Amino acid sequence: MKLKQLESFLGDLQQFSNPKVELEQYPTGPHIASRMLYTAENSFGDVSNKVVADFGCGCGTLGVAAALLGAEHVIGLDIDPQSLEIASLNAEDLELDMNFVHCDVKNLGWRGQIVDTVVMNPPFGTRKKGADMDFLAVALKVASQAVYSLHKSSTRDHVRKAALRNFNASSAEVLCELRYDVQQLYKFHKKKEVDIAVDLWRFVPQKDKLGGIIADESLR
Ligand SMILES: C[S@@+](CC[C@H](N)C(=O)[O-])C[C@H]1O[C@@H](n2cnc3c(N)ncnc32)[C@H](O)[C@@H]1O
């Protein structure tokens with residue numbers, strides 16, 4: 001599928017009707033989401049024929065993009081059941097076979113070879129400090145191949161250190177810096193559009209000598 005076609009499909013998806021500020025619910029726009037998944041597929045081969053998990057999937061944009069790019073299986077996870085309903089309708093409208101799991105990503109116990117690639121636009125941690133790092137820690141335990149994630153550019157050094165030192169990533173690379181337009185969703189946003197610089201990251205989880213991922217501190 002061409003990039004423009006992917007962007008156009010994503011632009012038609014239903015988004016949060018009543019976003020919950022405490023969960024930092026803002027959608028990834030079609031421009032960024034299409035480029036994120038297109039890069040994952042075309043530069044690294046991390047999507048087609050892979051099992052992809054969309055952490056904090058919201059209305060499903062990133063997972064839908066993965067499914068449209070030929071992922072073998074896509075699982076969307078979110079703590080908010082209303083978002084999962086919308087995500088499920090979005091998948092149905094496009095006749096995509098996706099699974100959705102209602103859970104707190106922080107408590108996810110999956111380890112090992114179930115998921116190849118995690119894609120996510122986690123809460124930036126502005127409402128609940130450290131939420132972005134909680135997502136990243138779990139994503140690096142769950143993914144066997146790669147994690148694609150958006151983080152505020154202002155946190156770049158912190159994210160790199162945490163990924164490499166605390167979460168055992170074998171590499172942490174900023175693929176590009178993007179301007180993230182959050183339309184005026186919440187009352188406390190004074191400007192019509194809120195423009196934030198965000199980094200698109202690619203992290204690679206560390207593998208042990210037998211090719212499995214190192215999932216648990218106690219196994220090291
Ligand atoms: C910034 S939004 C991104 C939504 C969607 N992935 C997208 O790209 O449009 C963050 C999402 O994370 C979800 N979320 C927040 N905390 C969570 C948690 N602890 N476990 C699972 N999902 C969570 C929110 O409900 C929201 O849908």
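A residue is taken to be near a molecule if its C-beta atom, placed from the backbone, lies within 6 Å of it. In this predicted model, 21 residues surround the ligand, and the closest are Pro27, Thr28, Gly56, Gly58 and Ile79. When the residues of the shell are sorted by class, 9 are nonpolar, 7 are polar and 5 are charged.

Helix 4 comprises the 13 residues 81-93, which at 1.5 Å a residue should span 18 Å, and this agrees with its end C-alpha atoms, which are 18 Å apart. The buried residues of helix 4 are Ser83, Leu84, Ile86, Ala87, Asn90 and Ala91. Because these residues cover an arc of only 160° around the axis, they are placed on the same side of helix 4. An α-helix has 3.6 residues a turn, so residues three or four places apart point the same way. The buried residues of helix 4 pack against helix 3, strand 2 and strand 3 (98-102), whereas the face turned away from the buried side carries the exposed residues Pro81 and Glu92. Just after helix 4, Glu95 takes a positive phi of about 55°.

Positive phi values also occur in two asparagines. Asn49, although not a glycine, has a positive phi of about 60°; Asn49 lies in the loop between helix 2 (30-42) and strand 1 (51-55), and it counts as exposed because it has 10 C-beta neighbours inside 10 Å. For Asn168, which is found in the loop between helix 6 (156-166) and strand 6 (169-183), phi is positive and near 60°, and with 18 other C-beta atoms within 10 Å, Asn168 is partly exposed.

Definitions and conventions. Residues are numbered from 1 along each chain as its sequence is written. This is a predicted model: local features need pLDDT of at least 70, side-chain atom pairs count only at pLDDT 80 or more; totals for chains, interfaces and linings use all residues. Ala, Val, Leu, Ile, Met, Phe, Trp, Tyr, Cys and Pro count as nonpolar, Asp, Glu, Lys and Arg as charged, and the others, Gly among them, as polar. Helices (H or I, at least four residues) and strands (E, at least two) are DSSP runs, numbered from the N terminus. The expected span of a helix is 1.5 Å times one less than its number of residues. A residue is buried if 20 or more other C-beta atoms lie within 10 Å of its own, exposed if 12 or fewer, and partly exposed in between; C-beta atoms are placed from the backbone. The arc is that of the directions from the helix axis to the C-beta atoms. Two residues are in contact if their C-beta atoms, placed from the backbone, lie within 7 Å.
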